[in-house]
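Please keep the sequence and the structure in view while reading.

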Amino acid sequence: MTIRLLPEGVVNRIAAGEVIERPASVVKELVENALDAGATRIEIAVEDGGRALVRVSDDGEGIAAEELPLALARHATSKLADDDDLLAIHSLGFRGEALPSIAAVSRLAIVSRRKGADTAFEIVVEAGAMGSVRPAARARGTELIVRDLFFATPARLKFLKSARSEMLAIGEMVDRLAMANPLVGFVLTADGRLARRFEPDLGPGGLARLAAIMGRPFADNALAIDAEREGIRLTGFAGVPTEHRASAQHQYLFVNRRPVRDRLVHGAVRAAYQDLVAGGRHPMLALFLELDPHEVDVNVHPTKAEVRFRDAGLVRGLIIGALKVALAGAGHRASSSVSSAALGAFRPGGDHGSGGSRQLPLAPHGGGGFSYERPSSMPPRGLAESAASFQAPYDAARDNAADADENSDAAPLGHARAQVHGTYIVAQTTDGLIIVDQHAAHERIVFERMKAALGDGSVKRQMLLVPEIVELDEAAIERLMERGGELAELGLVIERFGSGAMIVREVPALLGQADVKSLVRDLADELAELGHAVALKEKLGEICATLACHSSIRAGRRLSAAEMDALLRQMESTPHAGQCNHGRPTYVELKLADIERLFGRR
Ligand code: ADP
Ligand code: MG
């Protein structure tokens, strides 16, 4: 398509504003132009954080010699169709603003060879003053060279950060553009040194590209998303909840392959992961929304980083729904990086895997094995296998002989072999072993059941034989009393008891032998945080989490083999059982192969 000047009416409708804020915006605009030109390989070179040089070369369709001056004219674009429909934008650019804006604040040169042309041509602009078009040497595509950015605007130069942080911003920009365009190869060099190299990723879903940018642990565990509602398609990959980070910066969102930061989408992600990841932590994900350009307005903001959806509710629903389905489908799966962290802890001098996972309390004291308590009342071997339920944990080492038959069945979390330190269950699986944090696992199970029970109104209460009296300050009592009715619906029946105390008569049956005193105190704290206005029903997730946290199988409680196995089976059938309500893993898995490696057998 040829470049033409936009009519004034269209110009006035374009979101006004300077698009070039910093070197990373130059990179963004130039790379987007290359992508719009159908490039399959884009090379970016920067010097001094982009201040001295930004050079972008592509193998796209090129610009015809006679159009070079036009490319630099304000509001000249080849990308808006004749009807000037700003609501149907299929390309990344459409405003014809980037090149003139860059040219106005730098020394800019364009060298380009139009597809099918015998030779390349070049044009140079300095602080807005355009030279003439001359023949130049270039095999194909276009190269944009931007030198001395902001040299003519010292005020803006002053606002630039250090070369290092401008470089970081450029790197992130290239990452985002590369994620959105897995088929295109990218190379980024900074001051002559290679900073990024992404080969074209022809594999499914661009997962290899995502792995290169978001890390192997993310890609190895990520849940594939593919959903559609009323013509709006959502694809991409969502991280398992145990792969969380301290900021939302690893939540990459693309609308029609355009990297965006959008409040609505981030809000939807938060809602979907609500009770899977602790407050203040953020899951990692890369989501791609594809929809009719008429359904989304990208012309809201000069840098096009924000968008507005015509049917925001539909988009939100689609994202939450798709993520929830994927997360529920993940069931008891926990991140393998948690196991890598565990392995790292075993290895002398090993690291603890990815930053997000819990530091595992598995590091052995000197040697390398677990210690397990061996009760004096251990049943004789053999009997252990046949008795449906026996009360003592048993010695894993002694039962190896009976393994074969158990290996053949399909219990993913295996069979309990021992309880260690009254806290962890060691289970043997077909091809390895699993260590379960019994409290975390049980908490998740109770939590999910409680949510289900609340959902269908079937909460069971349990009368306390001896009502519990809890001393509290007046403010806490007030808060709890105010919510008495709602708490009763959740299964907790409390009354005022003189001044400075409350009496607890009934608790949710699911809690079992909960520590009622600390439960009530925690709830009072929680209510203080939630404030007055909010209905508990809406905050159900948080309340359930608090309740579940006080559930009966605490660390330190001895479990029978039958209880342990029952817990494993419940985990297998409980949604999200791979992590507790705080996003910590409920179990780690060590594959036989990993164990063999630890012992140098591989
Ligand atoms: P926009 O991208 O909004 O159209 P720009 O100022 O970024 O505006 O670019 C102006 C025009 O220059 C584009 O419409 C396009 O025709 C042409 N152009 C810019 N960069 C390239 C490139 N790398 N390859 C081919 N054409 C380009
Ligand atoms: Mg452009």
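This is a predicted model: local features need pLDDT of at least 70, side-chain atom pairs count only at pLDDT 80 or more; totals for chains, interfaces and linings use all residues.

The residues through which the two helices meet can be picked out on either side: H14 contributes Gln438, Ala441, His442, Ile445 and Arg449, while H19 contributes Leu567, Gln570 and Met571.

Staying with H14, which covers residues 438-455, one finds Arg444 placed within this helix. Is Arg444 buried or exposed? Its relative accessible area is 0%, and since anything under 20% is classed as buried, Arg444 is buried. The side chain of Arg444 also has a polar partner, for it makes a polar contact with the side chain of Glu448, at 2.6 Å.

From the helices, attention can turn to a sheet. Three strands form an open sheet in the order E24-E26-E25, and their pairing is antiparallel. At the edges of this sheet stand strand E24, residues 461-471, and strand E25, residues 493-496, each of which pairs on one side only. On average, and with direction ignored, neighbouring strands of the sheet are turned by 20° against each other.

Strand E26 spans residues 501-508, and it is joined to E25 by 4 bridges, the two strands running antiparallel. Within this pairing, Val493 stands opposite Glu506, a residue of E26. A helix accompanies these two strands as well: H15, made up of residues 474-482, lies across both E25 and E26, and it runs at about 130° to E25.

Finally, the local elements can be set against the whole protein chain, which contains 20 helices and 27 strands. The chain has 602 residues, of which 52% count as buried, and Arg444, with its relative accessible area of 0%, is a buried residue too. How much of the contact pattern comes from residues 24 or more positions apart? Among the contacts in the protein chain with a separation of 6 or more, such residues account for 69%.

Notes: Residues are numbered from 1 along each chain as its sequence is written. Chains are lettered from A and ligands numbered from 1 in the order in which they are written. Side-chain values use heavy atoms; hydrogens and water are left out. Two strands pair if DSSP finds at least two bridges between them. Axes are lines fitted to C-alpha atoms, for helices over the stretch in contact, and angles run from 0 to 180 degrees between N-to-C directions. Contact means heavy atoms within 4.5 Å. Buried means under 20% relative accessible area, exposed over 50%, partly exposed in between (1.4 Å probe, protein chains only). A polar contact is a pair of N or O atoms within 3.5 Å; within protein, one must be able to donate a hydrogen and the other to accept it, and residues adjacent in sequence count only if both atoms are side-chain atoms.
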